Amino acid sequence: MLSIEDKIFSHLKKCGRGTFCYAADLIRYGEQKAIAKALERMTQSGKLLRICRGMYYYPRIDKVLGLGVLYPTLEEIAQNLAKRDKARIIPTGIYALNRLGFSTQIPMNVVFLTDGYNRKVTLYNGGTIQFRRTATKNLAFNSRLAMLLTFAYKELGKENITEEIKLKTKQLLAQDEHEVVKQDYKLMPAWVSSIIKSLYEE
């Protein structure tokens, strides 16, 4: 007869590496305390990574470069939490700058705007992911690039948009469809859309 731990591990192997799981979703394999103990043992043995309270990850393993266990990115964690809550999210601030290549700084504490609940999640490494409820219009972007640019520019401020930032922005815009980005001008602050428009016209 398979143990609770074996049943959980068999389930995760079928799902594949890179799978997130939640203690609350494994209740079919046993009582809550037994599930918690099984997850604790699997974490201690390295089969699973504990990401935050109640959330676990069946890690990918890099065998090509010999990097070993690969932790999920902040965005993968946030997107999975949002999916569970049936919410939409968008990155803001320093994290948006990092995603666009405007900054090499990888923040420990990130903020995502959401149409879900306000909450803060503390991660395994002491960092946090904060979900901050926002107006629906902030989540209505058609272009992910336009969305990231908007919040990255707002983080920098109009006076800090350098020629280097503009050049990088122009290179990014060349990879996206202008017609899609154009639809999002109405969602941007006027000064942001003005800069974006001017970069297309150069």
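The model considered here is predicted.

The account may begin with the open sheet, which has four strands in the order β6-β7-β9-β8 and mixed pairing. The edges are held by β6 (89-91) and β8 (119-122); each has a single partner strand, so one side of each is left without a neighbour in the sheet.

Strand β9 (residues 128-133) runs antiparallel to β8, and four bridges join the two. Within this pairing, T122 has T128 of β9 as its bridge partner, while R119 stands opposite F131 in β9. The hairpin of β8 and β9 has five residues between the strands, and G126 takes a positive phi near 90° there. Towards β7 the arrangement is parallel, with six bridges joining β7 to β9. Here L113 stands opposite R132 in β9. In a regular strand, side chains alternate between the two faces of the sheet.

The next element to consider is helix α3. Helix α3 (residues 74-84) lies across β6, β7 (109-114), β8 and β9, and runs at about 45° to β9. Helix α3 also takes part in a link to helix α5. The structure holds 11 salt bridges, and one of them joins the side chains of R144 and E75, with an N to O distance of 2.3 Å. This pair connects distant parts of the chain, since R144 belongs to helix α5 and E75 to helix α3, 69 residues apart.

Helix α5 leads in turn to helix α4. The axes of helix α4 (residues 93-100) and helix α5 (residues 144-156) come within 8 Å and cross at roughly 125°. Because of this angle, α4 is oblique to α5. The crossing of α4 past α5 is left-handed. From α4, the contact is made by G93, I94, A96, L97, R99 and L100; from α5, it is made by L145, L148, L149, F151, A152, E155 and L156. Sorted by class, this contact of α4 with α5 has 10 nonpolar residues, one polar residue and two charged residues.

A further helix meets α5. The axes of α5 and helix α8 (residues 190-201) come within 10 Å and cross at roughly 120°. The two helices α5 and α8 are therefore oblique to each other, and their crossing is right-handed. On the α5 side the contact is made by L149, T150, Y153 and K154, and on the α8 side by W191, V192, I195, I196 and L199. The residues of this contact of α5 with α8 divide into seven nonpolar, one polar and one charged.

Helix α3, for its part, lies across the strands β6, β7, β8 and β9.

Methods. Residues numbered from 1 in each chain as written. Predicted model: local features only at pLDDT ≥ 70, side-chain atom pairs only at ≥ 80, totals over all residues. Heavy atoms only, no water. Axes fitted to C-alpha atoms, helices over the stretch in contact; angles between N-to-C directions. Parallel < 35°, antiparallel > 145°, perpendicular 65-115°, else oblique. Left-handed = near helix turned anticlockwise from the far one by under 90°. Contact = heavy atoms within 4.5 Å. Nonpolar A, V, L, I, M, F, W, Y, C, P; charged D, E, K, R; others polar. Pairing = 2+ DSSP bridges. Salt bridge = Lys/Arg side-chain N within 4 Å of Asp/Glu carboxyl O.
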